[in-house]
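Dear colleague,

Please find below the structure that I am handing over to you.

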Amino acid sequence: MEDQKNKAVCFGEVLWDIFPGEQKRVGGAPFNVAYHLSRMGLDVNMISSVGDDQLGRDLLHKMKRWNIPSDHVQINTQYPTSTVIATVDENNEAHYDIVEGVAWDFIEATKENREILHSADALVFGTLATRNEKSRNTLFQLLEESHYNVFDINLREPYYEVGMIKDLLHKTHLAKFNKAEMRMMLDFLGKEYTTEEDGIKYLQDQFDLEEIIISKGSKGALYADRDHFYLYPTIPVTIKDTVGSGDSFLAGFLSKKLEKESSVHETMVQAVSLGAFITSQEGACPEYSLEDFIRFKNQHPVHALS
């Protein structure tokens, strides 16, 4: 009998990033995670919504070409497919003007998308898709159906509300922050930042949260599983751009984590390797094969820092 593939469901925004002087690119943090999980060989479903327009049809066509199922991407006849105007600063950091009143603000809770979670190993979601009440309510319903909730905290002004983030964290099993987001979260909670370890333990206690990942840019990444802390370095590469590097890191992490027999070391190596591999290429979802990635990973061995 064929091995059961691990299954993940990603919830939230799918959109077109419009970069200066070039073609549009498919984006949205949850979609980026879905793309890389699919490339890593997982079965992935995307729960989202696009408009009944050419941009929506183009997006669904792109998903089909990439072999990512679009069965749970709803077509909204009232609101358009999302576009985001992206600009890149002198440090290669991308900044986004995120248009409101788009299809993914109005994702419906359906019997079908609740049911796919019953056989899924993880539900991945972020903060942005909760900016509108409709999609927010849908997400909270889906969180009740899933047994492993993965929250990629992505604090984009002004599209988040602290009380709502707290509510989401109470329903989360694995939370991913970058360093700045962790400090902001501690600040929201009135907790003085002393050390990284102290901050992580505080968040674990506050939200009954066993697993936390902190991505630290050039200083690597830290994974906390209860009282165990694992620090891994960043792989030095020539950076093409940093768009979606955190999403690819998370996808790398989950692609191993969801294989029950994988060690923490294998999981973290996969995470930092995929993050570096994507940073060395252009765009959040560059075309590549699993073999391309494995070749890169084998050429860049990684050892734990602690």
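The protein chain exposes about 13900 Å², of which carbon and sulfur atoms supply 46%; accessible areas come from the Shrake-Rupley method with a 1.4 Å probe, and for residues only the protein chains shown count as cover. Please note that this is a predicted model, in which local features need pLDDT of at least 70 and side-chain atom pairs count only at pLDDT 80 or more, while totals for chains, interfaces and linings use all residues. Residues are numbered from 1 along each chain as its sequence is written, and side-chain values use heavy atoms, with hydrogens and water left out.

Overall fold

The protein chain holds 10 helices and 13 strands; helices (H or I, at least four residues) and strands (E, at least two) are DSSP runs, numbered from the N terminus. Its radius of gyration is 18 Å, close to the 19 Å that the globule rule gives for 306 residues, so the chain is as compact as a globular protein of that length. That radius is taken over C-alpha atoms, and the globule rule is 2.2 Å times the number of residues to the power 0.38. Along the principal axes, the C-alpha atoms fill a box of roughly 55 × 50 × 45 Å.

Of the 306 residues, 53% count as buried. Buried means under 20% relative accessible area, exposed over 50%, and partly exposed in between (1.4 Å probe, protein chains only). Among contacts (heavy atoms within 4.5 Å) between residues at least 6 apart in sequence, 69% join residues at least 24 apart. The mean positions of the 31 positive and 48 negative charges are 3 Å apart. Lys and Arg count as positive and Asp and Glu as negative, whereas His and the chain ends are not counted; the place of a charge is taken as NZ of Lys, CZ of Arg, CG of Asp or CD of Glu.

Helix 1

Helix 1 is mostly covered, with 11 of its 11 residues buried. Its buried residues include F31, N32, Y35, H36 and R39. V33 also belongs to helix 1, which spans residues 29-39, and V33 is buried with a relative accessible area of 1%. Leaving aside neighbours within four places in sequence, V33 is in contact with C10, V124, D247, L250 and A251. The C-alpha atoms of V33 and T81, 48 residues apart along the chain, are separated by 19 Å. Helix 1 is followed by G41, whose phi is positive, near 100 degrees.

Buried positions elsewhere

N76 lies in strand 5 (residues 73-76) and is buried, at 13% relative accessible area. A polar atom of the N76 side chain lies 3.0 Å from the backbone nitrogen of Y79. Not counting residues up to four places away in sequence, N76 touches S49, V50, G51, D52, A103 and F106.

V102 is found in the loop between strand 7 (94-98) and helix 3 (111-116), where it counts as buried at 2% relative accessibility. With residues up to four places away in sequence left out, V102 touches Y79, P80, S82 and R131. The C-alpha atoms of V102 and R114 are separated by 22 Å, although the two residues are 12 apart along the chain.

K216 occupies the loop between strand 11 (211-215) and strand 12 (221-225). At 16% relative accessibility, K216 counts as buried. Beyond residues up to four places away in sequence, K216 touches K179, E196, A221, L222 and L231.

Partly exposed and exposed positions

I18, in strand 2 (residues 15-18), is partly exposed at 28% relative accessibility. Apart from residues up to four places away in sequence, I18 touches K24, T83, V84, I85 and A86. I18 and F125 are 107 residues apart in sequence and 23 Å apart in space, C-alpha to C-alpha.

Most residues other than glycine have a negative phi. N67, in the loop between helix 2 (54-65) and strand 5, has a positive phi near 60 degrees; N67 is exposed, with a relative accessible area of 67%. R226, in the loop between strand 12 and strand 13 (228-232), has a positive phi of about 55 degrees although it is not a glycine. R226 is partly exposed, at 46% relative accessible area.

Yours sincerely

Methods. Polar contact = N/O pair within 3.5 Å; in protein donor to acceptor, adjacent residues only side chain to side chain.
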